[in-house]
Amino acid sequence: MVTIARLLNLTLVVPKLDKTSFWADPSDFEDIFDVGHFVNSLRDEIRIIKRLPKRFGARYGYLPLQMAPISWSNEHYYLQQILPLFDKHKVIHFNRTDSRLANNGISMDLHRLRCRVNFQALKFTPEIEALGNKLIRNIREKGPFLGLHLRYEMDMLAFSGCTHGCTDQETEELEQLRYAFPCWREKEIVSEEKRSQGLCPLTPEETALILHALLGFDKEMQIYIASGEIYGNERRLASLRALFPRIVKKEMLLNPEDVRQFQNHSSQMAALDFSVSIASILGIKEHINWTYKGLWSCWIYIQMEVYLGLSSHLP
């Protein structure tokens, strides 16, 4: 949205997070990211305000237009179809903001700005950064570690319709959850067909085999589980734990007091996991999603910074 606001020469209001999803997370943007840093670091690019001015409220006759831009749209779409809407409505609330700007066919300036936002402007709050650093220190005291984003969680299985390895009772539970959310039940899904197409997350048992047989990690490797509660709990983790007994989670590495402030705030817990995964020797994701893409993008960006830093000192 920062890039789109810059393209259209608009003022951006600090984003509001969805609180009606499966996770029922009450976190706001400022609970996860350092808003002051976000605003100040982009001051030379666009104007960002923390809240909508009262003069644009319903009391003064304004009713923001609610809409979702078309996914993967190019600059022409925003300039020709979206910008004219602001002349009429003055304020537009984009209620869907994922993947709304194309990756290809846009100017290099917009690419640069998008990278600047993702890797410089978005910075976790001091509280999350401090606890993330504490987690990293605690893990590294015991040696190198592998960050494993094991996305075998209830919401992912219900959303994807993937139930391989689940009991009949679990399969029924996941189906009920899927149909409880309108945006998840848009189409019928046959679990085994989707799995045969490679569109399901790996099970914990399959993940264990890949780490051991394909990637060659042994039982001495410390593995940090960067995720929430695994569906099926210890029953499904048994195979992974048998091959890799040095499995750790944030709840095992921190005092209860440290974790308590972030409990029932899944986005903040995910920020902690992200911080730790970036510091691991390798991050493994058994299902492609935005967390995976974000992690790999950060690793590439960090390596580029190191490379460019070294290059500047070469004769």
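**Note on selected strands, helices and surface patches**

1. Strand S5 is joined to strand S6 (residues 222-225) by four bridges, and the two run parallel. Strands (E, at least two residues) and helices (H or I, at least four) are DSSP runs numbered from the N terminus, and two strands pair if DSSP finds at least two bridges between them. Within this pairing, Gly147 has Tyr224 of S6 as its bridge partner.

2. The model is predicted: local features need pLDDT of at least 70, side-chain atom pairs count only at pLDDT 80 or more, and totals for chains, interfaces and linings use all residues. Residues are numbered from 1 along each chain as its sequence is written, and side-chain values use heavy atoms, with hydrogens and water left out.

3. How many residues of S5 (residues 145-149) are buried? Five of its five residues are, where buried means under 20% relative accessible area, exposed over 50%, and partly exposed in between (1.4 Å probe, protein chains only). In a regular strand the side chains alternate between the two faces of the sheet. In S5, Phe145, Gly147 and His149 are buried on one side, and Leu146 and Leu148 are buried on the other.

4. A patch of negative charge on the surface gathers Asp168, Glu172, Glu173, Glu175 and Glu188. Patch residues have over 30% relative accessible area and no salt bridge; like charges are joined within 9 Å, and nonpolar side chains (Val, Leu, Ile, Met, Phe, Trp, Tyr) within 5 Å. A salt bridge is a side-chain nitrogen of Lys or Arg within 4 Å of a carboxyl oxygen of Asp or Glu. Glu188 is placed in the loop between helix H8 (168-180) and helix H9 (191-196). Glu188 counts as exposed because its relative accessibility is 65%.

5. Ile210, Leu214 and Leu215 make a nonpolar surface patch of about 280 Å². Leu214 belongs to helix H10 (residues 204-214) and is exposed, with a relative accessible area of 66%. The buried residues of H10 are Pro204, Glu206, Thr207, Ala208 and Leu211.

6. Which residue has a positive phi of about 70° although it is not a glycine? Lys90 does; Lys90 sits in the loop between helix H4 (75-89) and strand S4 (92-94). Lys90 is partly exposed, at 45% relative accessible area.

7. Asn233 is not a glycine, yet has a positive phi of about 50°. Asn233 lies in helix H11 (residues 233-243) and is partly exposed, with a relative accessible area of 38%.

Technical notes: Accessible areas come from the Shrake-Rupley method with a 1.4 Å probe; for residues, only the protein chains shown count as cover. Lys and Arg count as positive and Asp and Glu as negative; His and the chain ends are not counted. The place of a charge is taken as NZ of Lys, CZ of Arg, CG of Asp or CD of Glu.
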